[in-house]
Amino acid sequence: AEVESRGWKVVRNANKAAACNVHWVDESGVADAFQKVQPWMRINHFPGTHNALARKSRLARNMARMQRLFPAEYNFLPDSWVLPDDAGELERQFDDTGQSKSIFIAKPDAGTQGRGIFLTNRLDRLKQV
């Protein structure tokens with residue numbers, strides 16, 4: 001693989017990871033990884049951004065905030081609703097039977113790597129998230 005061709009070694013054992021120079025964290029334990037990082041180590045996340053950007057609900061809120069502050073620069077953002085806080089506004093996108101002509105992408109906040117994402121045009125499915 002590409003890693004080995006660079007002369008690197010993949011270490012999956014947490015006890016052996018302390019000696020590694022590069023840490024690639026692909027799971028939700030980013031905060032734990034930061035506590036173990038030594039000055040010579042590099043990690044694929046920036047401190048403080050996990051809660052602000054990696055969580056889908058917080059990213060949506062932060063992007064909406066930027067859109068309010070800089071509407072011309074952030075006019076590319078799709079409409080987003082964070083449930084349950086924005087449930088009333090989202091419900092207005094559906095007719096009396098709970099159907100919509102639009103397709104909505106539901107992304108559970110705690111899901112990672114695409115798990116739990118689905119498409120729907122039914123309000124009842126969105127309320128299950």
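**Exercise 1.** Classify Arg-61 by its accessibility, and state which residue forms a salt bridge with it.

*Solution.* Step 1: Arg-61 has a relative accessible area of 33%, so it is partly exposed (buried means under 20%, exposed over 50%, partly exposed in between, with a 1.4 Å probe and protein chains only). The model is predicted; local features need pLDDT of at least 70, side-chain atom pairs count only at pLDDT 80 or more, and totals for chains, interfaces and linings use all residues. Residues are numbered from 1 along each chain as its sequence is written, and side-chain values use heavy atoms, with hydrogens and water left out.

Step 2: Arg-61 forms a salt bridge with Asp-85, their closest N and O atoms being 2.5 Å apart (a side-chain nitrogen of Lys or Arg within 4 Å of a carboxyl oxygen of Asp or Glu). This pair links distant parts of the chain, 24 residues apart: Arg-61 is in helix α4 and Asp-85 in the loop between α4 and α5 (helices, H or I, have at least four residues and strands, E, at least two; both are DSSP runs numbered from the N terminus).

Step 3: Asp-85 has a relative accessible area of 57% and is therefore exposed.

**Exercise 2.** Locate Trp-81 and list the residues that it touches, leaving out those up to four places away in sequence.

*Solution.* Step 1: Trp-81 lies in the loop between α4 (56–69) and α5 (87–91).

Step 2: With that exclusion, Trp-81 touches Asp-86, Glu-89, Leu-90, Gln-93 and Phe-104 (contact means heavy atoms within 4.5 Å).

Step 3: Trp-81 and Arg-61 are 20 residues apart in sequence, and their C-alpha atoms are 8.7 Å apart in space.
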